[in-house]
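Here are my notes on this model, as numbered points. Please read them with the structure open.

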Amino acid sequence: MRFALSTEQLDFATELRKILDAGQSPAAVRAWAAGDTAKGRTLLRQVAEMGVSGLIVDEQYDGAEATPVDLVVAMVELGRAAAPGPVIESTAVIPALLQRLPETEPAQRWLPALAGGGLLGTIAFADPQRGIALDADTADLVLVAAGGQLSVGRRAAESADATDGRAAGSIASIDPARKLFHVAADETVADGVQDALDYAFDIGVLACAAQLLGAGRALLDQTTTYAKQRKQFGRAIGEFQAVKQQLADVLIALDLAEPLLYRAALTLDSEDRARDVSAAIVACGDAAHRASRAGLQVHGAIGYTAECDLSLWITKVAALRTAWGTADFHRGRIADALRAAEPAAAAV
């Protein structure tokens, strides 16, 4: 088994990172949080031009027909840049779901536009997300997955008395750039497709884990740079053993989470899919959380202020850790998979 990314995958990640850096992602995130999505959508179109939006889309729908590992490579970079918008939903979940439906009409209807970046989609799962969709006010396509059925969604009835700066009908989020909305099923697209919905949910979990790993890497990089520049008692704080130890612990956690992430990408079509994606998101979420805590402690209180870019990644990590199921939910899936495997192991 190959345990390293190919040269092509590494080059792809490098080029994608250059585009995201040139697109000034922090400015796009702040604008998105303020309700101005123009910069963010421009950035996402540039990413789409690299083929990211169509990575796991079949060639017949104008996609690249790449592997889940390629998708993970892209999602790590999008997480590293804290890119705004429903990129998990639009790039991973909806394409995977549409291609697994028994009827091809929905795929023919939406996939070419999704792959080309001209259509931005989002989706809500009834459980465990409870019918909550990311950026339902901005997305061009809103879908709802519930009870083995896929439907076109609409935002639930809005209240007209929102006075806290949020859009009417929106749900408060720890990350201002993640606008959440209750959505309700409208037009039915497909029925009796629970297996396709389960697969789509798991690929969303995988993509979320990849974004968490990328965000954790970005937090570590920013904190390391700051530790080399900030001085106390005439020395850079990065020279103190306590700071070195914290950053080393973060690096170890991220490095240990990475193999679980790529294993999950390799086993998406196996019976271990649910176990492996849950293990990946738990490990990547814990590592990214550790990176957030270390970053905030090294930066001090300034790290959580809106003026400091670090805060964009801290709030994103906090939101992503539960966006596709809580840690308890995923640990439960891992435990169930291990218990189910015990009789077979005992028989051997």
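1. First, a term for what follows. Buried means under 20% relative accessible area, exposed means over 50%, and partly exposed lies in between (1.4 Å probe, protein chains only). The model is predicted: local features need pLDDT of at least 70, side-chain atom pairs count only at pLDDT 80 or more, and totals for chains, interfaces and linings use all residues. Residues are numbered from 1 along each chain as its sequence is written, and side-chain values use heavy atoms, with hydrogens and water left out.

2. Salt bridges. The criterion is a side-chain nitrogen of Lys or Arg within 4 Å of a carboxyl oxygen of Asp or Glu. By this rule there are 18 salt bridges. Helices (H or I, at least four residues) and strands (E, at least two) are DSSP runs, numbered from the N terminus.

3. Glu187 and Arg109. Their side chains form a salt bridge at 4.0 Å, N to O. Glu187 sits in strand E6 (residues 180–191) and Arg109 in helix H6 (residues 105–116), so the pair ties together parts 78 residues apart in sequence. Glu187 is partly exposed, at 40% relative accessibility. Arg109 is also partly exposed, at 43%.

4. Arg80 and Asp221. This salt bridge has an N to O distance of 3.5 Å. It links distant parts of the chain: Arg80 belongs to helix H4 (residues 68–80) and Asp221 to helix H7 (residues 194–229), 141 residues apart. Arg80 is buried, with a relative accessible area of 17%. Asp221 is partly exposed, at 41%.

5. Arg275 and Asp276. The side chains meet in a salt bridge at 2.9 Å, N to O. Arg275 is partly exposed, with 23% relative accessibility. Asp276 is buried, at 6%.

6. Helix H9. This helix covers residues 273–299, 27 residues in total. From first C-alpha to last it reaches 38 Å, close to the 39 Å expected at 1.5 Å a residue. The expected span is 1.5 Å times one less than the number of residues. Of its 27 residues, 19 are buried, so H9 is largely enclosed by the rest of the structure. Just after H9, Gly300 takes a positive phi of about 85°.

7. Cavities. On a 1 Å grid over the protein atoms alone, a cavity is a set of points where a 1.4 Å probe fits but cannot get out; lining residues have an atom within 4 Å of a point. Points are joined across faces, edges and corners, and a volume is the space filled by probe spheres set on the points. How many cavities of 30 Å³ or more does a search of the whole structure find? Two.

8. Largest cavity. Its volume is about 70 Å³. The lining includes Val29, Pro84, Leu134, Asp135, Asp175, Arg178 and Lys316. It divides into seven nonpolar, one polar and four charged residues. Here Ala, Val, Leu, Ile, Met, Phe, Trp, Tyr, Cys and Pro count as nonpolar, Asp, Glu, Lys and Arg as charged, and the others, Gly among them, as polar.

9. Second largest cavity. It holds about 40 Å³ of space. Among its lining residues are Gly85, Glu89, Leu134, Arg178, Gln211 and Lys316. The lining splits into five nonpolar, two polar and three charged. Helices H5 (87–98) and H10 (310–323) each supply at least two lining residues. H5 gives the most, with three.

Methods: On a 1 Å grid over the protein atoms alone, a cavity is a set of points where a 1.4 Å probe fits but cannot get out, and a pocket is an open set with protein on both sides within 12 Å along at least five of seven lines; lining residues have an atom within 4 Å of a point.
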